[in-house]
Number of protein chains: 2
Amino acid sequence: MPDQDILALNAFDPRAATAIGQAVERRLRSFGAGSVLFYQEPIEMVRAEGVWLHAADGRHYLDVYNNVPSVGHCHPRVVEAVRRQVGTLNIHTRYLNAVVDAYAERLLATLPAAIDNLVLTCTGSEANDLALRVARAATGGQGFVVTRTAYHGNTAAVTDISPASRPGRPLAPHVRAVAPPDLYRAPDPGARLAAAVAEAAADLKQRGLGFAGFIADSVFSSDGVHVDPVGLLGPVVEAVRAASGLFIADEVQPGFGRTGAALWGFARHGVVPDIVTLGKPMGNGFPMGGMALNADLLAAFNAEDKYFNTFGGNPVAAAAGLAVLDVIRDEGLIDNARAVGDHLLQGLREIANAHVAIGDVRGAGLFIGLELVADREARTPAPAIATAVIEGLRREGILIGAAGPHGSTLKIRPPLCFSRDNADRVVEACDTVLRGLPVG
Amino acid sequence: MPDQDILALNAFDPRAATAIGQAVERRLRSFGAGSVLFYQEPIEMVRAEGVWLHAADGRHYLDVYNNVPSVGHCHPRVVEAVRRQVGTLNIHTRYLNAVVDAYAERLLATLPAAIDNLVLTCTGSEANDLALRVARAATGGQGFVVTRTAYHGNTAAVTDISPASRPGRPLAPHVRAVAPPDLYRAPDPGARLAAAVAEAAADLKQRGLGFAGFIADSVFSSDGVHVDPVGLLGPVVEAVRAASGLFIADEVQPGFGRTGAALWGFARHGVVPDIVTLGKPMGNGFPMGGMALNADLLAAFNAEDKYFNTFGGNPVAAAAGLAVLDVIRDEGLIDNARAVGDHLLQGLREIANAHVAIGDVRGAGLFIGLELVADREARTPAPAIATAVIEGLRREGILIGAAGPHGSTLKIRPPLCFSRDNADRVVEACDTVLRGLPVG
């Protein structure tokens, strides 16, 4: 069972509930079967700041899950930027306004020189949906290669390339899924992934579908967090280009400093994508997304197709986005992600000695995977232990989720302002919870 | 050439520009071929309130175009709601939060009883993309029927059902386009549309694609604004259901009181849709969208497919949405739309006597179409006159756009707080501009 942004191991299931509280009943009445709640006893939140979420019952929770409020919940500088702009001007990009131009310039300056144009959308899903169209127009191919538990968003076209959204169901004919680069289970993951992508691209071509590109996030988040060795994407991108496809770097998860190595996840691997897509942390919660690419590639697409996004590039989003970039710079959040991430990795590796259920601890910056196994030798995924730890950590006042094809990898992805003390608290709590489990 | 949300008659074209100002150059540098600007000399906006937009050069413009800031630009109550919530809590719907439940209840209470569940998205495009998936899952059909110059959004799937986005290009095999209900050119538009939809649905079935549904906005905005006679959608919805399809009411344009007859455009025609989609004016500029439908229909979709939208239903959007509903109620904006709309229609019909270029004036509430013709007898569309009037009105300090298959219908769609004085100003300015044209 994959855990990503739709299917969570710790999802509330009304059929399994012994008693449903009033707040949950209220939610189910309006949102029905579309309700997606965490925990068998869902938590009602009322307030948040920094790394803390405050619940209606007075409890507070350390946030190790939410990567949207990436510079911290309700960061005062982002809040102030939104407050100022929302009372001044909030309009689309068919009129000029200097805020959106300033944002585009700031953002593009952080990207490789070849990535010199930007399209602003409202969500990462919209950005990926558009990137698929651009890749198809540029290559004439229809087919895409993704990893097996990839998740790239929620539109019809993007759901097709998100096997995690449709577990157990056949892929669309134009989609091929390959194994993620899992160094825990096999050596040389970059070469393996490159060979698999090349084979899949050849198969798509042979079947007359053509090959448009390979899309991945460089931390392979929903595949279970696979970040090493640094540089693994090099041979993959070569294979994609040898097959005349585009490499789309989905930075919705690793982007905006999370890996502690650079602002962008792809940069950590030393590759330059053809298209970069952006989402979640871009506005620290203000809805915004984007697609960055070379001007010629965009012009070729626009020669045939037009694209306009009403909310994309509105000045309130741009102001929020500018504040996010300011905060990442002024608070040294990339360095913090690296330093605190390393500290957290080390702490988790230390307790791993005492817990046979911890099969692997891996990560980059503040994106860490802790894989739980039923058998260390056989490396058997243990989703039941992951669920127990998620519930145990909730009792310890820590919010966390899981990822990977079996949902057996805890996904540690806190706001980038996480401190060493916060990290120590997570390590202690993991230790406590695992000690309390029969299998821990 | 259609005018809708992508292709505008008055779009800036860098190839036609004799001189490009610094602000435009700056925009083109970052946004390249994806730039979509109005006017051959685009306007830089710096501030807005109510029905007014203020430009960098000190001029101000009466807004007769923008339907997103529907209760007025930077409305103080919406601004205050966003300012308060953005500093308190901004998180997704996997935790409970009372603001989003309050919003859902308020919104659902305005819809027919059978429409009792809501899915919140970030944009109208996302809402329509999801509605297509729901309709396919519910019917087993793949095909959709739309009107000839329909525009429903910008995702890959929604672009397929938006002929206006791809003028002159063949439709996807699963899409059929029918003539809009144009009372100016033919009588009995409801019966005609019903027959055309029935025929298209039968054709889709015969070709093995099946029929999933018919999607339309009830003012046929991008088709050139067709609103009469009241009730025209009755036979159409009957035809859709007789063919076992769903009727999706795209309320992105007519919703939230614009027609002056009811909060929802479909209600004016006395029909109950299977799915209602929402967007643009929902948050008065705060990005939000939604899909409302019967709980059983949603449950059937969710039994096979999951859907989660990270930004959809965040409490800041919900707070903005609540404020919009409050303002519509407390300021009597539906009544105002009807009263001022009627006054504006009457004023425009009066000047029509003096201008042979005005072929037709039609509308409901504050959604009015003024169709310009080269020959009143032949009713020949006159896009060149429409362009001249758009540019002339800009010099008069009025922002307006055009719609319809030839872009010959001025689309009058101001904020709902438009006053009689504002309306009089529009009538006078139209009169002045038309007098100044050789053909006026």
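This is a predicted model: local features need pLDDT of at least 70, side-chain atom pairs count only at pLDDT 80 or more; totals for chains, interfaces and linings use all residues.
Figure 1. A disulfide is a covalent bond between the sulfur atoms of two cysteines. In chain A, the cysteine sulfur closest to that of A:C74 belongs to A:C417 and lies 11 Å away, too far for a bond. A:C74 is buried, its relative accessible area being 16%; buried means under 20% relative accessible area, exposed over 50% and partly exposed in between, with a 1.4 Å probe and protein chains only. In chain B, the sulfur of B:C74 has its closest cysteine sulfur in B:C417, at 11 Å, which is too far for a bond. B:C74 also counts as buried, at 17% relative accessibility.

Figure 2. Helix α2 of chain B spans residues 76-86, and its buried residues are B:V78, B:V79, B:A81, B:V82, B:Q85 and B:V86. These buried residues line one face of the helix, because they fall within an arc of 160° when α2(B) is seen down its axis; the arc is that of the directions from the helix axis to the C-beta atoms. The face turned away from the buried side of α2(B) carries the exposed residues B:P76 and B:R84. Cover for the buried residues includes α2 (76-86) of chain A, together with α3 (98-109) and α10 (315-330) of chain B, contact being heavy atoms within 4.5 Å. Helices (H or I, at least four residues) and strands (E, at least two) are DSSP runs numbered from the N terminus.

**Figure 3. The interface of chain A and chain B.** A:R94, A:Y95 and A:L96 supply 11% of the area that chain A buries against chain B, more than any other three residues.

**Figure 4. A salt bridge across the interface.** The rule finds 8 salt bridges between chain A and chain B, each a side-chain nitrogen of Lys or Arg within 4 Å of a carboxyl oxygen of Asp or Glu. B:D101 and A:R27 meet through their side chains in a salt bridge, at 2.8 Å from N to O.

**Notes.** Residues are numbered from 1 along each chain as its sequence is written, and chains are lettered from A and ligands numbered from 1 in the order in which they are written. Local features need pLDDT of at least 70 and side-chain atom pairs count only at pLDDT 80 or more, while totals for chains, interfaces and linings use all residues; side-chain values use heavy atoms, with hydrogens and water left out.

Terms used: A disulfide is a pair of cysteine sulfur atoms within 2.5 Å. Buried area is the accessible area (1.4 Å probe) that two parts lose on being put together, summed over both.
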